[in-house]
Amino acid sequence: PQKTSFHRSQTLGYKNGFAISRLPTVGIGRERLYVNQLSQAELDDLSNQRPTLTYGPAKRAPPPAFIPAHVAFDKKILKFDAYFQEDVPLSTEEHYQIRQVAIYYYLEDDTMSVIEPVVQNSGLPQGKLIRRHRVPKNDHGKHYHWKDLNRGINITMYGRTYRIVDCDPFTQVFLESQGLELNPPEKMVFDPYTELRRMPVRKYITPSDFNQLKQFLTYDKQVLRFYAMWDDTSSTFGENRPYVIHFYLADDTVEVREVYKQNDGRDPFPILIKRQRLPKIFADKKKTFPSCVLEISDQEVLEWFTAKDFAVGKTITLLGRTFFIYDCDEFTRNFYRDKFGITDFQPVEIKKKSLEEVPQVIPPYNGFGVLEDSLQNCFSLFPKPPRKDIIKMLENDHKVLRYQLALESPNPEDRKRRFILSYFLSNDMISIYEPPVRNSGITGGKYLGKTRVAKPGSTTENPTYYEPSDLTIGSTVEVFGHRFVITDADEYVLNYMESNAESFPAATLQSLRDHFRPRQVVKETANSDIPMLQTNKQELDELIVQVQEELNHKNLNKKNIQEAFLRCDMDGSGILDKAKVLALCDSLGVPTNTILLNKLIDLCSCGEDKINYHDFLRAFPS
């Protein structure tokens, strides 16, 4: 009753993937078995086994393992050397040709292939003649077997008969091991035409004692270098041109190379005369001999150039061109010193003719484009834009001086036109703009685009342009034949010139100060009288009403009065001299001796002897 496990023990196990049965060691309930129990198969074996005297039963040899053919004969190939004969119908030199092939028999699948070794320049489609497959033997569906192959026999494959002459050692060992008796090997038959071509051509010239191979092996990679000069000054546009002459000691060939210099105006063509043997003395030849189209051979030349024909300080003619040798390198000096015993290698100094400097003639300016930009076409084939002062452009960016101009013209209508001149400090360019005026009959807008304006009398060789120092109040500016008078300027012009007073003449700065002084007086007066503005304005308005009532009964042309005052104010400041105002009033018939008008003139005064005529003209509404 104390037992809790009643299962049978496991007797089936696995080792290295194989199932193995073993005897149980415990029974049901995991009780220990002290007697080895035998399986039923072992009991049957013991009951059927007869006892032997000493050694027991003889052991049986294990059956051999099965190996498939594709494993047993893998990469085992029988090779036979063979040839076949092929007719050559369209040749007078040969009637047939022999083509050597190799027949391969693959034991793993009983397939065959025929391959012809590729011969260079044979003109025949060589290589694999029959691809690998089972070759049919006859029309009855049989195929060739290795038993059908032997030395000294003919086999026919696809209508072509091959003669097997020999095989390799592996094939011989294999066939003999299989009990096949091999025929004796035969000699390979070669193509008679190919053997004829391989035979050296018989020469009837007695060989020379000179050994070219010895010369090549002795002087290989040894080159003599000479520095020469070709004088071509006798021809048009000729010059002295340097060259390098190379003499190759290995085969007595000569090469002439050009010396390329930067910016010499010539294409960098490296070789003048390619490496070749150069004739020195020609044999007598007929005039009809076409030497220009045929290669020169030993029959046309009596003597070729050799190393002894070259020397420093010597003139030599190569293919009709004369070279003067003025120097050589160190290896060449050592060669001539050891070979010919020459020790004089003093280089010859070549005197170069000084080139005459041709003065550059700049053509006159044609008026198109900017002068500096057009001038670049005379300096370069591919003109570049003139260089700009980048520092000046960055420092004076968006800095513009503006002036008011009046046009000088005999036409009275043009004299009334006003223009705005803008001077750009970043690039010293000027542009002119005409403000449009309604009902004037003149279209306003851009009068002159941004450009540099030359002063009158400047030349194209030494042009001078307008600068800020030339633009003073009252000065005349001539722009492409049109004359303008500067009548006014921006306050920024005065402030800029005062902050950079060292860069401008004193006369220019003083003219601007004199022009802006009345305006500054008005501003100072206005700033000092700020507390009194309200009372003065009220008093001025009451006085203007009284003056208008007094002048109503007088027949005055009020429109002409305003036009006259505006015409006298040339600079547009709104301030006129007191004497000039009184003179205008007298000429226009305005009574200035009345008490009200005198009081009005006193209220409109600003500074000494200056009158703000805008307030005065309020008494004369148009």
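Guide: A residue counts as buried when its relative accessible area is under 20%. The model here is predicted.

Visitor: Which strands pair with β10, and in what sense?

Guide: Strands of a sheet pair through backbone hydrogen bonds, either parallel or antiparallel. Here β9 (residues 223–231) pairs with β10 in the antiparallel sense over 9 bridges, with L224 opposite F247. Strand β11 (residues 253–258) is also antiparallel to β10, over 6 bridges, and Y248 stands opposite T253 there. The hairpin of β10 and β11 has 4 residues between the strands, and D252 takes a positive phi near 60 degrees.

Visitor: What is the strand order in the open sheet of 6 strands?

Guide: The order is β20-β19-β18-β17-β22-β21, with antiparallel pairing. Since β20 (445–451) and β21 stand at the edges, each has a single partner strand, so one side of each lacks a neighbour in the sheet. From one strand to the next, the twist averages 30 degrees. For β20, the partner is β19, joined to β20 by 4 bridges; I430 has T451 as its bridge partner.

Visitor: Which helix packs on the sheet, and which strands does the helix touch?

Guide: Helix α10 packs there, touching β17 and β22, and its direction makes about 130 degrees with that of β17.

Visitor: Which residues have the most contacts inside the largest nonpolar core?

Guide: They are Y403, L421 and I432, in a core of 27 residues. Elements giving two or more residues to this core include β17, β18, β19 and α10. Among the residues that I432 touches are L405, F419, Y447 and F484.

Technical notes
Residues are numbered from 1 along each chain as its sequence is written. This is a predicted model: local features need pLDDT of at least 70, side-chain atom pairs count only at pLDDT 80 or more; totals for chains, interfaces and linings use all residues. Side-chain values use heavy atoms; hydrogens and water are left out. Two strands pair if DSSP finds at least two bridges between them. A nonpolar core is a set of buried Ala, Val, Leu, Ile, Met, Phe, Trp, Tyr and Cys residues joined through side-chain atoms within 4.5 Å. Buried means under 20% relative accessible area, exposed over 50%, partly exposed in between (1.4 Å probe, protein chains only). Contact means heavy atoms within 4.5 Å. Axes are lines fitted to C-alpha atoms, for helices over the stretch in contact, and angles run from 0 to 180 degrees between N-to-C directions. Lists of a residue's contacts leave out its neighbours within four places in sequence.
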